[in-house]
Amino acid sequence: MKYCNWIIPCAEPEVPQALVSAGFTPLLAAMLARRGITEPESAREFIYGGEELLYPPETMADMPKAVARIREAIDKRETVAVYGDYDVDGITAACLVTSWLREQGLTCVPYIPDRLEEGYGLNSAALDTIKSRGATLVITVDCGITAVNEAGRAKELGLDLIITDHHECAAGSLPDALAVVDPKRPDCPYANKGLAGVGVAFKLLCALDGDDGWGMIEHYGDIVAIGTIGDVVNLDGENRLLIKEGLNILKTTENIG
């Protein structure tokens, strides 16, 4: 197995005196130091950080464009397709956006590609199928950032395309979509570059709902936590808050499965 061996640091643990003086136990101080946290303020933020760790969703590149088009779809009662991925992150992201759109009264068609037959990411045959089901807008989650050819196919079909993703951008131009929301875009000023795909989808819903994030966490935090943990992103800052709150919600969630 890939992860069958533990890698144990040989050096003696560092116990920052500043953390001990601030009230942290020596064991906790040593564990924090292993994570590069040696100052009390950073330690308190890491362990106890709250709502202040949530960044404004509208600061993501193209987020206003995505929000405007989805609100138009809601006003016009369009059929919207949500194109996800077959891993935990992609499935939870698709569930998240599909659930919210259906709560707005829309007909929403979720699409998860077959792992063996279709592989990862957006594909043109799937877009043909989505078009045949009456969709006029496609929102990708956890995929799409490199789908240059597929974005061209969407245009040929008359499908508006909004891409939400968290993967690295390929060299060259972005897909020619109506909006490309990805914190890893070189021109994106969003502070948290480490969001999972479900995290980006979550921020889209926050922007659509005009919510700072706290209300959305209460509603969807369990789903966001599962997808974020499943994608093994860094568990600090905003990600850590999403997981901490989401795990608490999981104790009493009514979401089956």
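A disulfide is taken here as a pair of cysteine sulfur atoms within 2.5 Å, and a search of the whole structure by that criterion finds zero of them. Cys169 belongs to no disulfide, the nearest cysteine sulfur being that of Cys188, 9.1 Å away, and Cys206 likewise belongs to none, with the sulfur of Cys188 as its nearest at 15 Å. The model is a predicted one, in which local features need pLDDT of at least 70 and side-chain atom pairs count only at pLDDT 80 or more, while totals for chains, interfaces and linings use all residues. Residues are numbered from 1 along each chain as its sequence is written, and side-chain values use heavy atoms, with hydrogens and water left out.

Cys169 counts as partly exposed because its relative accessibility is 21%, whereas Cys206 is buried, with a relative accessible area of 0%.

Cys206 is one of the buried residues of helix H8, a segment covering residues 197-209; helices (H or I, at least four residues) and strands (E, at least two) are DSSP runs, numbered from the N terminus. H8 has 13 residues and reaches 19 Å from its first C-alpha to its last, close to the 18 Å expected at 1.5 Å a residue, the expected span being 1.5 Å times one less than the number of residues. Twelve of the 13 residues of H8 are buried, so this helix is largely enclosed by the rest of the structure. After H8 comes Gly210, with a positive phi near 65°.

Helix H5 (residues 88-103) has 16 residues and spans 22 Å between its first and last C-alpha, close to the expected 22 Å. Its buried residues include Leu96, Val97, Trp100 and Leu101, and the buried residues of H5 pack against H4, strand S1 (79-83), strand S2 (107-111), strand S3 (137-141), H8 and H9, contact meaning heavy atoms within 4.5 Å. H5 is followed by Gly105, whose phi is positive, near 90°.

In strand S1 lies Thr79, which counts as buried because its relative accessibility is 18%. Leaving aside residues up to four places away in sequence, Thr79 touches Thr107, Val109, Arg133, Gly134, Ala135, Thr136 and Leu137.

Two residues other than glycine also have positive phi values. Asp62, with a phi of about 70°, sits in the loop between helix H3 (40-48) and helix H4 (63-76), and at 16% relative accessibility Asp62 counts as buried. Val232, with a phi near 55°, is in the loop between H9 and H10, but Val232 is exposed, with a relative accessible area of 71%.

Leu247, found in H10, counts as partly exposed at 39% relative accessibility.

Note on methods: Buried < 20%, exposed > 50% of the residue type's maximum accessible area, 1.4 Å probe, protein only.
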